[in-house]
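Dear colleague,

I am passing on to you the structure we spoke about, and I would be glad if you could read the notes below with the coordinates open beside them.

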Amino acid sequence: MLMTTTGNVLVFFRNTIPDWLSIPVANVLIVASILTLLIGLEHFVKKKGPHIQNYLLIFIFLLVHTYFTYIVPDLKTRHINITIAFMLLSMQIMYLMFIRTPVNMRNITRPMGYVFTIVFITQIIRLIYLIQNPEALTYNHRSESIESLFVLNWELIVIILAYSLSLMYNKRLIVDVNNQEEKFSKAFYAAPFVILLSKFSTGEIFEVNNKIQSICGYAPSELIGYNTIDLKLWAYPKDRLKFITLLKSENKVVEQEYQFRKKSGELFYGLISAKTIKINGEQCIVSIINDITIRKTAELNLKKSEASLRQSNSTKDKFFSIIAHDLKSPFNGILGFSELLSEQVKNNDYESIVEYAEIIHDSSKHAVNLLSNLTEWSMAQTGKMQFHPEYVDMVLMIKSTLDLLKIASDQKEIHTHLNLPSNLILYVDKIMIEVVLRNLISNAIKFTHQRGSISINVQEKEKEFLFSIIDTGIGIQKNNLNQLFRIDSSYSTPGTNNERGTGLGLILCKDFINYHKGKIWVESEFNVGSKFYFSLPKYNC
């Protein structure tokens, strides 16, 4: 527009300024303005093209115009030169607006294409008129009238052109704004985290995306017009105060962990980031909340597992040191007495052989029992012991265990009372429950005095069967009760006839009952007796 205006002003002052300025230069400016418009429109529709031919066109136009100004002055030829230049450039703009422009933009560029279609047709008509009318531009009345008509037409085209350019640019702005709004809207509402827009002064929420419903249980419409205090979104008011203080001092908050409250009242962990922005001149807050409950729970579980693992490793270290000590004692006894036995045999002293042999036998038996229990426990701990439940007659299993331990109980003349149902079938691992019964009954025998009694009972509960092994033995002191079932204590005391235990029996019982999702515990009174209980679910599959 500036180039066109400058060219027209130079033409207007033709008789005042030099001809080279008012004719060749002025007209080159006018023609070049169309080329400049073409380049601008290419940038507008993002379809750049080569312009070497147009630069050549401007150069040829300048040469022709100069030639017919100074060497062979001819006004009509100069007008034909201008008309042809306008036609060629108009044709390129038409092609750009109708064909080269991307399909989604042709709505916007089509009016500009129509304007240059009019320009092109007008220039064709003018060219035909100039070629077919020798009297054109001779300053007679008819010639002046037609030229005035062309000038008037051109002025109208310039006005329409200015309007079309403005309209095209505004349409493009509207489309761009709508596109940006659509992008923002899609990103805002489809974001996988909560986005809140609120007023800084009052905390009033005026926009929120749909993710709030899946995370907090609120529909977006339930939050509009309220603030987080009214809705009690913050689990702890002190967290909100800390958040606002940080926001005021730094104008932003980056990935801070707080707890928030859902509509149901349930708490969840959220990672919040926020920034103060201005919307329509008012200070506002854009907040982004990401639900990290799963991650936080995993972190807490990992910390618990880590602490549990440390404790487990620590207690196992203590336990193995105890086991190593307990294993050393019987083997030292075996080695010592076997050496004495060997000396007695060499010296033909047979009086102590039976005594030494019994001691070696007892020590060996104790060591074997300890190793057996240790093997079973280590298999259970490492997962190598397979849990194979089957339907088992528990009454028959209890009676067969008593038969197995009959010699030990008969030696002490222990009386056994059974309070069992006639038939009890449970879905259990037979080997594990046999170990539990064997350990608990043998312990009862071991700690019961001569001519004492043992009661074995089964009681049916709503969801489980409760087994109890009750003895009238030496009992356990209260301060020692908490050492039972623990691998870091390996609590063991000699029986009433100095029977030795391994310290592993009750630990195995606890692990095996846990496999069955049951419970095991003890009640005891020193010098009165002990009651060991364990439960097995009715429907343990």
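This is a predicted model: local features need pLDDT of at least 70, side-chain atom pairs count only at pLDDT 80 or more; totals for chains, interfaces and linings use all residues.

Aromatic pairs

The structure holds 12 aromatic pairs. In one of them, tyrosine 391 and tyrosine 427, the ring centres are 4.8 Å apart and the planes stand at 50 degrees, so the pair is classed as tilted. This pair joins distant parts of the chain, since tyrosine 391 belongs to strand S6 (residues 389-393) and tyrosine 427 to strand S8 (residues 425-429), 36 residues apart. Tyrosine 391 is exposed, with a relative accessible area of 62%, whereas tyrosine 427, at 23% relative accessibility, is partly exposed.

Tryptophan 521 and tyrosine 533 also form an aromatic pair, and here the rings are stacked, with 5.3 Å from centre to centre and 15 degrees between the planes. This pair, too, links distant parts of the chain, with tryptophan 521 in strand S11 (residues 520-525) and tyrosine 533 in strand S12 (residues 529-537), 12 residues apart. Tryptophan 521 is partly exposed at 32% relative accessibility, while tyrosine 533 has a relative accessible area of 14% and is therefore buried, the cut-off being under 20%.

Elsewhere, ring pairs connect Trp234, Phe243, Tyr258, Phe260 and Phe268 into a cluster.

Charges over rings

Arginine 172 lies over the face of phenylalanine 44, at 4.9 Å from the ring centre. In the case of phenylalanine 465, the charged end of lysine 538 sits over the ring, 5.7 Å from its centre.

Helix packing

Helix H2 (residues 19-45) and helix H4 (residues 75-100) have axes that come within 10 Å and cross at roughly 5 degrees, and the two helices are therefore roughly parallel to each other. On the H2 side the residues making the contact include Ile23, Ile30, Ile34, Leu38 and Glu42, and on the H4 side they include Arg78, Ile82, Phe86, Leu89 and Ile93. By class, this contact of H2 with H4 has 16 nonpolar, 2 polar and 3 charged residues.

Single residues

Which residues does glutamine 259 touch once its neighbours within four places in sequence are left aside? They are Trp234, Ala235, Tyr236, Asp239, Leu267, Phe268 and Tyr269, and of these Trp234 and Phe268 belong to the ring cluster described above. Glutamine 259 lies in strand S3 (residues 252-261) and is buried, with a relative accessible area of 17%.

Serine 409, in helix H14 (residues 406-411), is likewise buried, with a relative accessible area of 10%. With its neighbours within four places in sequence left out, serine 409 is in contact with Ile414 and Ile445.

Asparagine 251, although not a glycine, has a positive phi of about 65 degrees; asparagine 251 is placed in the loop between helix H10 (237-250) and S3 and is partly exposed at 39% relative accessibility. Lysine 517, again not a glycine, has a positive phi of about 60 degrees, and lies in the loop between helix H17 (505-515) and S11. Lysine 517 is exposed, with a relative accessible area of 67%.

Terms used. Residues are numbered from 1 along each chain as its sequence is written. Side-chain values use heavy atoms; hydrogens and water are left out. Rings of Phe, Tyr and Trp (its six-membered ring) pair if their centres lie within 6.5 Å; planes under 30 degrees apart count as stacked, over 60 as edge-to-face and the rest as tilted. Helices (H or I, at least four residues) and strands (E, at least two) are DSSP runs, numbered from the N terminus. Buried means under 20% relative accessible area, exposed over 50%, partly exposed in between (1.4 Å probe, protein chains only). A charge sits over a ring if NZ of Lys or CZ of Arg is within 6 Å of the ring centre and within 35 degrees of the ring normal. Axes are lines fitted to C-alpha atoms, for helices over the stretch in contact, and angles run from 0 to 180 degrees between N-to-C directions. Angles under 35 degrees count as roughly parallel, over 145 as roughly antiparallel, 65 to 115 as roughly perpendicular and the rest as oblique. Contact means heavy atoms within 4.5 Å. Ala, Val, Leu, Ile, Met, Phe, Trp, Tyr, Cys and Pro count as nonpolar, Asp, Glu, Lys and Arg as charged, and the others, Gly among them, as polar.
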